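Please look at the sequence and the structure together, and then follow the questions below. Each answer sets a value against a definition and then concludes.

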Amino acid sequence: APAGPASPAPASSAAATAGAQFNEADVAFAQMMIPHHREAVEMAELAADRAQNPEVKALAEQIRDAQEPEINQLTDFLNAWGAEVPAAGSMAGMDHGNMSGMPEMPGAMTPEQMEQLRNATGAEFDQMFLTMMIEHHRGAVTMAQRETEQGSNPDAKQLAEKIAADQNAEINRMQQLQTG
């Protein structure tokens, strides 16, 4: 059979393979991790003018800088799969344990916890931030592990492995900062 016309090169290899194969677990991972990461970014941004410890400020900046590109990558996956991208602010006021039939979002903060963090400053903020972010990261690790076990998209699984490794390392660093 004659060969067909060559297809144009994809904009990125991630976008090309992102659409290759995926399942419900891949979509759920991306749709849950985007608002989860957005919340972590929001928490991290609070540290700029509320944290007392320069190491907490530096860690918060590192978290923000790592998670924003991951949000973009997860958004690209959903777009390639023709799946809905969560709207910004989609976690506000939601019960994170049962979001309209969606799986639980482990580690997500309640609106009350976020308000407490917004109102804290200095050493109180530092301890509250570390405690909450450790819990938040543990939740992300749980979601990432679920993706590596149940997902089928190689790029999404690779990102999940990266998220788990990076956030476990950050958990260790935060625990060290807590014990001083």
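Helices (H or I, at least four residues) and strands (E, at least two) are DSSP runs, numbered from the N terminus. This is a predicted model, in which local features need pLDDT of at least 70 and side-chain atom pairs count only at pLDDT 80 or more, while totals for chains, interfaces and linings use all residues. Residues are numbered from 1 along each chain as its sequence is written, and side-chain values use heavy atoms, with hydrogens and water left out.

Q: What pattern does the protein follow when it is read along the sequence?
A: The pattern is α-α-α-α-α-α, and the protein has six helices and zero strands.

Q: Why is the pair of Phe 77 and Trp 81 called stacked?
A: Rings of Phe, Tyr and Trp (its six-membered ring) pair if their centres lie within 6.5 Å, and planes under 30 degrees apart count as stacked, over 60 as edge-to-face and the rest as tilted. A search of the whole structure finds three aromatic pairs. In the pair of Phe 77 and Trp 81, the ring centres are 5.5 Å apart and the planes stand at 20°, so the pair is stacked. Both residues lie in helix α3 (residues 54-81), four residues apart, which is about one turn of the helix.

Q: What makes Phe 77 and Trp 81 count as buried?
A: Buried means under 20% relative accessible area, exposed means over 50%, and partly exposed is in between (1.4 Å probe, protein chains only). Phe 77 has 1% relative accessibility and therefore counts as buried, and Trp 81, at 8%, counts as buried too.

Q: What type of aromatic pair do Phe 125 and Phe 129 form?
A: Phe 125 and Phe 129 form a stacked pair, with 5.7 Å from centre to centre and 20° between the planes. They are four residues apart in helix α5 (residues 122-150), so about one helical turn separates them, and both are buried.

Q: Which residues do ring pairs link into a cluster?
A: The cluster consists of Phe 22, Phe 77 and Trp 81.

Q: Why is α2 described as largely enclosed by the rest of the structure?
A: Of the 27 residues of α2, 19 are buried, so the helix is largely enclosed by the rest of the structure.

Q: What makes α3 roughly parallel to α5, and α2 roughly antiparallel to α3?
A: Axes are lines fitted to C-alpha atoms, for helices over the stretch in contact, and angles run from 0 to 180 degrees between N-to-C directions. Angles under 35 degrees count as roughly parallel, over 145 as roughly antiparallel, 65 to 115 as roughly perpendicular and the rest as oblique. The helices α3 and α5 pack at an angle of about 30°, with their axes 11 Å apart, and α3 is therefore roughly parallel to α5. The helices α2 and α3 pack at about 155°, with their axes 8 Å apart, and α2 is therefore roughly antiparallel to α3.

Q: Why is Gln 67 called buried?
A: Gln 67, which lies in helix α3, has a relative accessible area of 2% and is therefore buried. Gln 67 and His 36 are 31 residues apart in sequence and 9.8 Å apart in space, C-alpha to C-alpha.
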